[in-house]
Amino acid sequence: FAYKQSTSLTGTFTGDAKQKTYKLTGPLFFGSTSQFDGIFSPKSDPTTVILDFTDSRIMDHSAVDAIHNLSDKYSEIGKTVLLQGLCSDSTSLLLRF
């Protein structure tokens, strides 16, 4: 079950030279963090990146760590990551850690 869920996280993107939005679909948890990391291109992305979690959920501490690590990668090269579409459970997890 966990393996099947770990491969169900996908990301599509839209954007232009100033901003790119990654629309995530599926659960983000310990089993899908590698899949999550592979979705993004920090070096080639514009200065503002939006992660849209409308169709996704943050499930555990590993997911929170993956988001923080991704944000750090973007921050190190002078880029900003914004989160949108978070459900209340996902927001609570992010605020807790």
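Thr21 has Ile50 of strand 3 as its bridge partner. That bridge belongs to a parallel pairing of strand 2 with strand 3 (residues 48–58), which runs over 9 bridges. The model is predicted. Strand 2 (residues 19–28) is largely enclosed by the rest of the structure, because 7 of its 10 residues are buried.

**Strand pairing**
- Strand 2 also pairs with strand 1 (residues 10–15), here in the antiparallel sense, over 6 bridges.
- A hairpin of 3 residues joins strand 1 to strand 2.
- Gly15 has Lys20 of strand 2 as its bridge partner.
- In a regular strand, side chains alternate between the two faces of the sheet.

**Gln19**
- Gln19 is placed in strand 2.
- Its relative accessibility is 35%, so Gln19 counts as partly exposed.
- Beyond neighbours within four places in sequence, Gln19 is in contact with Thr14, Pro46, Thr48 and Ile50.
- Ile50 is also the bridge partner of Thr21.
- Gly38 lies 19 residues from Gln19 along the chain, and 19 Å separate their C-alpha atoms.

**Aromatic pairs**
- The structure holds 4 aromatic pairs.
- Phe13 and Tyr22 form a tilted pair, with 5.8 Å centre to centre and 55 degrees between the planes.
- Tyr22 has 1% relative accessibility and therefore counts as buried.
- Phe13 has 53% relative accessibility and therefore counts as exposed, the cut-off being over 50%.
- Phe29 and Phe30 form an edge-to-face pair, with 5.1 Å centre to centre and 85 degrees between the planes.
- Phe29 counts as buried because its relative accessibility is 9%.
- Phe30, at 54% relative accessibility, counts as exposed.

**Ring cluster and charge**
- Ring pairs link Phe13, Tyr22, Phe36 and Phe40 into a cluster.
- Lys20 lies over the face of Phe13, at 4.0 Å from the ring centre.
- Phe13 thus takes part in the tilted pair with Tyr22 and also has Lys20 over its face.
- Lys20, in turn, is the strand 2 bridge partner of Gly15.

Key. Residues are numbered from 1 along each chain as its sequence is written. This is a predicted model: local features need pLDDT of at least 70, side-chain atom pairs count only at pLDDT 80 or more; totals for chains, interfaces and linings use all residues. Side-chain values use heavy atoms; hydrogens and water are left out. Buried means under 20% relative accessible area, exposed over 50%, partly exposed in between (1.4 Å probe, protein chains only). Helices (H or I, at least four residues) and strands (E, at least two) are DSSP runs, numbered from the N terminus. Two strands pair if DSSP finds at least two bridges between them. Rings of Phe, Tyr and Trp (its six-membered ring) pair if their centres lie within 6.5 Å; planes under 30 degrees apart count as stacked, over 60 as edge-to-face and the rest as tilted. A charge sits over a ring if NZ of Lys or CZ of Arg is within 6 Å of the ring centre and within 35 degrees of the ring normal. Contact means heavy atoms within 4.5 Å.
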